Amino acid sequence: MTTVHADYLAHDAIGLADLVRRRDASPRELLDAAIRRAEAVNPAINAIVLADYDAARERAAAQRAPDGPFGGVPYLIKDLGVAVAGLPLTMGSRHYRYFVPDADAPLIARSRSAGLNPFGKTNTPELGQMPYTEPELFGPCRNPWSLDHTPGGSSGGAAAAVAAGIVPLAHASDGGGSIRIPASCCGLFGLKPSRDPALVTRVSAGELSVNHAVSRSVRDSALLLDVTTGRTLPTGAPGTFLGALDEPVEPLRIGLVTDPMLAPALDADARAALDDAAALVESLGHHVEPATLNVDFARIGELFLSLWATIADEMVLGAQQITGRRPRRDEFELATWAMALVGRRLARERLPDMLELQRQLTVQVTSAVARYDVILCATLAGAPRRIGELRPTPFERRQLRLIASLPLKPLLREMLAKASQKSFAWAGCTELFNLTGQPAMSVPLYWNARGLPIGVQFAARHGDDARLLRLARQLEQARPWFDRRPPLLLAQA
């Protein structure tokens, strides 16, 4: 067991499963190593908000010769969207904290069948509404690269846990950048796959969110995508995402988009990361040229927020359909309740028009992206923000209380405009590809002078996930990031 604990950080999930397969480690030893890591670092980062250690130990004891490509590997589930039988699905909300599903979601069932052993759930902003992870229910999650900074959101707990070495990959989901944003903040690889029925979180408003993971290695992400999309070919065979990593990377025509999208501007760090990535891919034999997507980003921002608000309406004001309990104002954060009111009073009646606009935008962006093999753009408009920097100020909270008690349409419109301006100023580069359903990934290639990671984003045509993964693997080999350790991890060592 001592050897397993010493070697635990040296392996990705595929490597840990190989240890079990070769009988160099048992599932219980791997789980003990993961729990020991969690007990050492979680008090500092607050990534795991629900521990299920005893049940996981029982499963590990029964997994003496586990089946599946991830046999015996410890795993963490994001506490949002997907059900785990017998565990609360709080979604960072006081209303949902007593909601306990009695069956696994299909995605979780596939993950278990692949041998992954969930032993806890990770922190997320309330209902995944914010690009930072600071729910009132559980408190802020902190970035292992700097405890004063956010790990991003909404998969902030997942990313912090992986960056801190608790697990090599963790479940995450992405409705507006919620895989790519925390991957950028925490120096990880984060792929938002193409919209796929097996990965979509079902909501009525445009199916923005898909499930996947954040990981330290590209191959873990590729294999997990094989698992969760239900591919039945042998592990690593041609035609699988994992198998695609062994195929040569042809010279790509890459369109470099420097437009900040929904953000007003990219700061010096974000632009430096983008320029650095462009130089790197050119050095690998790819052709990079300036590109523009020719879309009205102001209109896109309005569309995204309107759809986002209808989701909030469904999850907050319509919560009784899910939990069986009538929602109360004091069970939700002020900003979440206000966004739900925007959905109910402003956006819901326009939903058919918004879905048609989303369809038109998808056609337009698909045509623009089709001129290139891959698009390169920023993941975030800047480095990770400090804890609390993006939360409502005391003045804004007073405004939100007024809106909650007097939800007039002019007040709701003003609140929405201010909230979007504040959020998009940092996290406005990812939402487009949720609206269009195209695959996009954040790759950790750059750290700023303060030692904070800043990922860059690559996007491709719908269904071209394998091409993105091959490119990511090439970048991973050209500039390895697996052994880069955040200060928290180095201090523990």
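Trainee: Where do I start? How many helices and strands are in the protein chain?

Mentor: Start with the inventory. The protein chain has 19 helices and 11 strands. Remember that the model is predicted.

Trainee: What radius of gyration does the protein chain have, and what would a compact globule have?

Mentor: Set the value beside the globule rule. For 493 residues, a compact globule would come out near 23 Å. The protein chain has 21 Å, which agrees. Along its principal axes, the C-alpha trace spans about 65 × 55 × 45 Å.

Trainee: How far apart are the mean positions of the positive and negative charges?

Mentor: They are 4 Å apart, with 54 positive and 52 negative charges in the protein chain.

Trainee: Now a strand. How do I read the side chains on its faces?

Mentor: In a regular strand, side chains alternate between the two faces of the sheet. Take β11, residues 453-459. Pro453, Gly455, Gln457 and Ala459 point one way. Ile454, Val456 and Phe458 point the other way.

Trainee: Are the seven residues of β11 buried or exposed?

Mentor: Seven of its seven residues are buried. That covers the residues pointing either way.

Trainee: Which strands are joined to β11 by bridges?

Mentor: Strand β9, residues 374-378, is joined to β11 by four bridges. That pair runs antiparallel. Here Ile375 stands opposite Ala459. Strand β10, residues 440-447, is joined to β11 by six bridges, also antiparallel. There Trp447 stands opposite Pro453.

Trainee: What happens between the strands in the hairpin of β10 and β11?

Mentor: Five residues lie between the strands, and Gly451 takes a positive phi near 80°.

Trainee: Which residues have a positive phi although they are not glycine?

Mentor: Met91 has a phi of about 55°. Met91 sits in the loop between β2 (74-78) and α5 (106-113). Met91 counts as buried because its relative accessibility is 4%. Asn294 has a phi of about 50°. Its loop runs between β8 (287-290) and α11. At 54% relative accessibility, Asn294 counts as exposed.

Trainee: Where is a cis peptide bond?

Mentor: Read omega. Between Gly153 and Ser154 it is about 5°, and the bond is cis. Ser154 lies in the loop between β3 and α6.

Trainee: Where is Thr150 placed, and what does it touch?

Mentor: Thr150 is in the loop between β3 (117-122) and α6 (156-163). Its relative accessibility is 1%, so Thr150 counts as buried. Leave out residues up to four places away in sequence, and the partners of Thr150 include Tyr132, Asn143, Cys185, Arg385 and Trp426.

Trainee: One last residue. Where is Leu307 found?

Mentor: Leu307 is in helix α11, residues 297-315. With 0% relative accessibility, Leu307 counts as buried. Then compare sequence with space. Leu307 and Trp481 are 174 residues apart in sequence, and 36 Å apart from C-alpha to C-alpha.

Definitions and conventions:
Residues numbered from 1 in each chain as written. Predicted model: local features only at pLDDT ≥ 70, side-chain atom pairs only at ≥ 80, totals over all residues. Heavy atoms only, no water. Helix = DSSP H or I, 4+ residues; strand = E, 2+ residues; numbered from the N terminus. Rg over C-alpha atoms; globule rule 2.2 N^0.38 Å. Lys, Arg positive; Asp, Glu negative; His and termini not counted. Charge placed at Lys NZ, Arg CZ, Asp CG, Glu CD. Buried < 20%, exposed > 50% of the residue type's maximum accessible area, 1.4 Å probe, protein only. Pairing = 2+ DSSP bridges. Contact = heavy atoms within 4.5 Å.
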